[in-house]
Amino acid sequence: MSYKDFLNPWIILPTFLFALFVVPVIWIIFSLFGNYSDNWVHIYNYTLSGYIYNTALIIIGTSIGTLIIGVGSAWLVTTYNFTGKKFLEWALLLPFAVPPYILAYTFTGLFDSYGTANNLVRDLFSLPNEFIFFPKLRNVYGASIVFSFTLYPYVYLVSRMAFINQSRSMLEVGRTLGYNKFQIFYKLSIPAIRPAIIAGLMLVLMETISDFGAVEHFAVNTFTTGIFSAWFGLYDFHTAKQLAALLLIVVISFLILEKYSRRKSRYSSGSNVFSPIAAEKLNGFQNIFASLFCFIPVFVGFILPNIQLGYWALNYKLDFFNEKFISTAWNTFYLAITAALICAMLAVIINFSIRYKKNKVLNVMSSFLTVGYAVPGLILALGVSQLLVFMDNLIFRDYLNFILTGSIYGLILAFIIKSFALANSTIESGFLRINHKIDDVARSLNTPGWKLLFRIHLPLLTTSFLTSMILVVSEVIKELPASLILRPFNFDTLAVSTYIYAAEERMFDAAAPSIAIVAVGLLPIFVLSRLIVKSRPGYRNNDNHYQSY
Amino acid sequence: MSIITKSIQICLAIFIFSASSLANEVNLYSGRHYDSDEKLYAKFTEQTGIKVNVISGKGKALMQQIITEGASSPADLFITVDAGNLWKAQKEGLFHTITSSAVDNIVPANLRGPNNEWVALAKRARIMYYNPRTVSEAELEGLTYEDLAKPEWNGRVVIRKSSNMYNQSLVSSLVANHGVEATEAWANGIVANMARKPEGNDRAQIMAVANGEADIAVANSYYIALMLSGKKGDEQQVAANKVVPYFPGQDGRGTHINISGVGLLKNGPNKGNGVKLIEFLLSEEAQNHIVNNSFEYPLLDSVSPHPLIAQFGTDFKQDQTPVSAYGEFNPDAVKLMERAGW
């Protein structure tokens with residue numbers, strides 16, 4: 001290896017960016033090397049096993065839930081035609097606009113013993129006050145249901161994208177082998193898109209792990225509530241950081257395991273002739289089943305909570321939609337788009353560098369940055385502050401007369417660290433599906449790297465690029481307690497308005513901004529999912545030749 | 001790819017975007033997020049010409065942010081809804097003494113920091129709500145927080161989770177008075193007496209009593225007024241009429257009091273304006289605004305609480321345990337509650 005292998009823009013640029021983005025994560029993990037306070041004795045003896053047990057149960061429940069809903073519905077809408085498919089195909093993305101904690105709040109508003117749904121049942125059948133029809137939701141099962149119905153779109157989106165890119169020849173092979181519809185699904189299609197599904201599932205799990213709002217509302221003690229109990233209750237931020245670091249190490253090992261497990265397989269389509277899957281028409285019972293299967297997630301994850309929110313907002317607070325709302329919505333929107341664009345571009349550059357330069361160091365570092373997604377937002381925010389203060393003292397204050405702390409750049413930095421995993425997972429699986437022969441051909445023609453990236457890879461990655469933007473946009477819009485403390489003075493985002501109220505269970509006040517989040521979140525989902533459909537291989541007749549290398 | 005080009009343009013626009021700095025301003029990190037507070041700050045700006053900049057969030061997170069920012073922190077004032085955070089910030093050495101005769105004259109000694117680093121802005125009581133059909137007069141006679149752990153309340157009590165700040169402050173005050181061991185025995189009794197697993201906020205506890213799930217709830221005083229006001233819907237208004245508030249400890253230490261408070265930060269660039277804002281918040285006008293919007297109790301004798309809360313009595317005996325004890329014993333309180341499985 002010569003120095004040229006290192007002094008190369010494809011290595012220097014990503015490494016520099018990494019150094020910047022990875023610092024807050026490292027800062028958290030480094031707390032493990034500090035002192036351990038006496039509070040550890042208390043945590044170890046009384047609370048830790050409960051945190052681990054509940055977190056594990058929720059992870060298992062949510063994995064099963066999101067896989068069934070996400071993969072099942074993606075398969076149905078890609079392979080079959082059934083009643084309402086045109087609508088359901090994109091409506092299945094709608095729950096993206098609903099954060100888990102909002103669904104949790106509306107669920108208790110509906111299904112608690114004196115909730116709207118129970119009252120309705122009692123009124124309908126004139127039953128006594130003590131009668132409770134719906135089972136209690138404030139437990140690990142309720143939490144798993146909430147996570148499954150709000151987070152399945154991650155799995156749905158990546159699986160659908162992978163199914164769309166799957167060639168019809170796969171199905172034809174299945175039919176030749178005499179498989180029925182279900183066998184084709186789980187014996188051929190599923191194994192072929194396994195990396196995409198697992199990537200989607202990892203996102204679901206990381207978001208589940210970092211969630212605080214929903215589990216706190218359901219009074220379930222998880223690892224994250226433990227982190228906050230140490231911080232807010234025991235006044236011990238250091239121990240809270242150490243707990244967060246332990247959680248991160250678990251996540252990192254999962255990520256490494258996942259990378260390792262698919263190390264040897266190359267999942268690019270070997271077929272020379274790509275032909276899109278032609279959807280088959282379903283009839284009778286199968287038609288009803290498919291429609292229902294795809295409608296239920298939309299109903300539970302989107303329609304139901306919005307009915308409840310609408311009811312709250314209409315009854316108690318509509319003065320939210322004033323001129324301040326416009327500036328708040330605009331702040332939210334451009335922050336989201338900016339973060340999404342930067343994340344997607346970063347992910348492309350980094351993954352290209354890993355692929356083109358076979359950069360092993362970058363590969364490991366990429367796992368590090370990905371875990372940012374699993375860090376509870378508040379803790380991550382403080383890591384970012386630490387970095388900003390350090391950079392201010394080092395360069396900005398004296399030499400550039402500018403202070404990063406409390407500026408919008410810190411906020412964007414936090415968004416990028418938090419949501420890089422989202423962009424990375426889709427871009428990564430997008431790259432995996434590009435045939436390596438293309439690179440080999442380009443190399444043999446002495447095509448420079450940037451040309452390969454911009455002229456060949458990027459056009460092939462359009463779907464992945466847009467998908468990753470959707471993921472980041474919806475993440476930034478709906479979540480992030482980090483923006484609570486990193487935002488500039490007097491700078492509100494919709495999530496901030498909602499979060500402040502919702503965290504105190506003032507749902508009547510939170511309803512209007514929640515609806516606004518959903519509304520603003522729908523716009524990019526709608527536009528980008530349109531673009532994805534258009535970018536489907538075979539959609540544009542003239543551009544089809546990309547696929548036939 | 002026009003959407004990408006557009007987004008790049010937006011991106012660049014943000015880099016041009018930069019915060020302009022006004023000299024005459026005051027910066028708040030606030031754990032209180034009531035919409036009504038914004039109107040209050042607007043009044044202050046109107047009177048003094050000082051612009052009020054606010055970042056609101058969770059108290060502890062804001063405090064950590066102040067610590068992280070260190071000397072470059074822009075925050076002048078730290079506002080919280082509990083005494084514990086103020087005590088902790090004082091311990092961390094974040095505060096500066098407030099020099100103001102108004103503050104000295106108005107705020108009682110048990111409701112401010114040892115060197116006037118922080119002061120109370122409003123008071124709230126942590127009281128009980130009972131169902132008059134199932135709880136007898138005799139049972140209420142001289143009832144204290146301590147009594148709720150007795151066997152006669154088995155299966156009748158609702159109270160929210162131990163992670164809640166208001167509960168932590170209440171239990172800290174018990175630790176301050178009885179020590180850890182006795183308080184832990186009490187916490188075990190409370191857990192045994194719970195009508196259900198702790199869940200929901202203070203209002204959910206009151207609703208549980210109204211709906212017959214439990215006989216008695218512990219919750220903050222302003223919730224009853226908030227529910228009665230109808231601001232939170234007819235359902236809650238109806239429920240609020242089914243319960244009766246009760247001020248515990250009248251024959252003993254008195255009812256547990258917590259505060260909304262404010263501290264002056266030593267690294268703040270506009271400390272002078274900060275003191276002006278504190279003085280304004282303790283003025284008659286501001287106190288009236290606060291009590292009429294949040295249904296808290298005022299610090300000024302000349303201001304009376306909102307009628308919806310005043311109807312339940314204003315001259316009840318208040319526990320004189322210094323609120324700074326809430327912060328001091330908070331970790332002990334949390335640990336003993338967690339051990340009790342609260």
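Helix α2 (residues 39–79) of chain A packs against helix α6 (residues 140–164) of chain A at an angle of about 40°, the axes lying 6 Å apart. Axes are lines fitted to C-alpha atoms, for helices over the stretch in contact, and angles run from 0 to 180 degrees between N-to-C directions. The two helices, α2(A) and α6(A), are therefore oblique to each other (angles under 35 degrees count as roughly parallel, over 145 as roughly antiparallel, 65 to 115 as roughly perpendicular and the rest as oblique). Helices (H or I, at least four residues) and strands (E, at least two) are DSSP runs, numbered from the N terminus.

This is a predicted model, in which local features need pLDDT of at least 70 and side-chain atom pairs count only at pLDDT 80 or more, while totals for chains, interfaces and linings use all residues. Residues are numbered from 1 along each chain as its sequence is written, and chains are lettered from A and ligands numbered from 1 in the order in which they are written.

The domain assignment of chain A, automatic or from a database, gives domain 1 (60–220 + 288–312) and domain 2 (330–549). Their contact takes 32 residues from domain 1 of chain A and 33 residues from domain 2 of chain A, where contact requires C-beta atoms, placed from the backbone, within 7 Å. On the domain 1 side, α9(A) supplies the largest share, ten residues.

Between the chains, 45 residues of chain B are in contact with 44 residues of chain A. On the chain B side, α3(B) gives the largest share, seven residues.

| Contact side | Nonpolar | Polar | Charged |
|---|---|---|---|
| Domain 1 of chain A, touching domain 2 of chain A | 24 residues | seven residues | one residue |

Ala, Val, Leu, Ile, Met, Phe, Trp, Tyr, Cys and Pro count as nonpolar, Asp, Glu, Lys and Arg as charged, and the others, Gly among them, as polar.

Definitions and conventions:
Two residues are in contact if their C-beta atoms, placed from the backbone, lie within 7 Å.
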